[in-house]
Amino acid sequence: MEVETPAQTERREQQQLPSGAGARVAAKPLHRNPRLVVSFLLMVLGSASSPLLLRTYYLHGGNRKWLSSLLQSAGCPLLLVPICASFFSRRRCSATTPLFLMSPRLLAASIGVGLMAGLDGLLYAYGMAYLPVSTSSILSATQLAFTCGFALLLVRQRFTPFSVNAVVLLSVGAVMLGMNTGGDRPAGVSRAQYSAGFATTLGAAALYGFILPVMELSQARHAARTGCAVTYTLVMEMQIVIGLLATAFSAVGMLVNKDFQAIPGEAQEFGFGKAGYYLLLAGSAIVYQCLFLGTMGAVFYGSALLAGVILTVLIPVTEVLAVLFFHEPFNGIKGIALTLSVWGFVSYFYGEIHNNAQQSDKSPNIEQLDH
């Protein structure tokens with residue numbers, strides 16, 4: 001079934017407007033969409049903080065991979081507050097408003113995505129246990145290449161020379177890091193553990209690159225079947241379902257691994273003390289929730305490719321913070337890989353600005369022809 005994402009629908013509707021109206025709204029820049037701006041800010045907070053907090057957990061005595069995976073989704077109940085506020089706001093306007101906006105099919109899709117997100121969190125937690133933050137972050141940037149491939153297959157993402165250039169640059173950067181395997185191996189980490197962390201981080205990037213287009217496709221099909229616009233409330237409802245399933249996935253693993261029984265003892269021996277241990281866990285859950293909610297907003301009000309690009313451009317922030325707080329080595333190969341990542345981001349957004357400018361120029365020309 002042919003489906004359109006919200007961004008594609010908006011562009012199509014703009015093209016169908018009368019020429020005068022089309023000239024006024026045809027090329028709305030990304031930074032003028034308030035929902036995308038909010039999503040970007042959430043992604044900045046989550047992307048800059050979450051890897052540092054998770055790495056801090058491992059460096060100061062934490063060693064529970066399933067717990068680390070659970071922290072990436074356990075903050076989802078926080079979304080109940082804005083969801084309930086949205087419901088009561090709708091209820092004042094209409095007494096027959098439904099409690100949930102999700103359709104059964106969208107609910108089923110969110111459950112599937114939640115299970116994949118749980119597995120993705122586990123793979124990422126294993127990688128963070130054995131890799132420096134800087135290396136893990138650059139490897140995670142390869143999810144953009146996977147996102148592009150799956151977006152092409154699932155949602156028929158249109159590519160420009162600029163977006164293709166961005167994917168190539170990021171892929172080259174990841175390959176360069178692969179050639180440097182072991183050069184920045186942390187103390188106490190064996191070569192086998194480092195290689196396993198390298199592989200699981202790449203696996204997490206690939207899986208996340210698949211999850212983003214699946215979310216985009218699911219909301220597009222929901223909009224096509226129901227004829228209803230995708231709202232931020234719907235985005236939060238999907239996120240809470242995904243988070244609950246991912247949390248349940250990790251909780252089962254913790255039960256099997258007896259992690260719940262080990263938490264009090266780990267807290268007692270933690271480098272920052274018992275209070276610091278639980279504050280670190282709570283803070284990690286909150287910032288990860290900000291990251292994932294922002295990512296979903298970027299997918300639904302932009303595209304899966306846009307979400308991948310934003311995640312990539314935030315890598316320099318994480319890199320600098322890792323060097324400052326953890327004194328991680330930053331060699332020439334990492335520097336080149338980071339430069340390629342930034343170059344890829346600039347290439348993508350230059351292409352977006354170029355396309356917006358072309359659409360802005362095209363609309364007035366059409367209007368003149370009509371006269």
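1. The accessible surface of the protein chain, worked out by the Shrake-Rupley method with a 1.4 Å probe, comes to about 17100 Å², and 67% of that surface belongs to carbon and sulfur atoms. The model is a predicted one, in which local features need pLDDT of at least 70 and side-chain atom pairs count only at pLDDT 80 or more, while totals for chains, interfaces and linings use all residues. Residues are numbered from 1 along each chain as its sequence is written, and side-chain values use heavy atoms, with hydrogens and water left out.

2. The secondary structure of the chain consists of 16 helices and zero strands, where helices (H or I, at least four residues) and strands (E, at least two) are DSSP runs numbered from the N terminus. Of the 371 residues, 51% count as buried; buried means under 20% relative accessible area, exposed means over 50%, and partly exposed lies in between, with a 1.4 Å probe and protein chains only.

3. Among contacts in the chain with a separation of 6 or more, 84% are between residues 24 or more positions apart, a contact being heavy atoms within 4.5 Å. As a separate example of distance along the chain, Ser49 and Tyr288 are 239 residues apart, yet their C-alpha atoms are separated by 8.4 Å. Ser49 sits in helix H3 (residues 34-59) and is partly exposed, at 23% relative accessible area.

4. Leaving aside neighbours within four places in sequence, Tyr57 is in contact with residues including Leu67, Phe270 and Tyr277.

5. Gln72 lies in the loop between helix H4 (65-71) and helix H5 (80-93), and it counts as buried because its relative accessibility is 5%. Not counting residues up to four places away in sequence, Gln72 touches Leu54, Gly121, Tyr124, Ala125, Tyr288 and Phe292.

6. Helix H11 (residues 232-257) has 26 residues, which should span 38 Å at 1.5 Å a residue, and its end C-alpha atoms are 37 Å apart, which agrees; the expected span is 1.5 Å times one less than the number of residues. After H11 comes Lys258, whose phi is positive, near 60°.

7. A disulfide is a pair of cysteine sulfur atoms within 2.5 Å, and by this rule the count comes to zero. As for individual cysteines, Cys93 is exposed at 71% relative accessible area, whereas Cys148 is buried at 4%.
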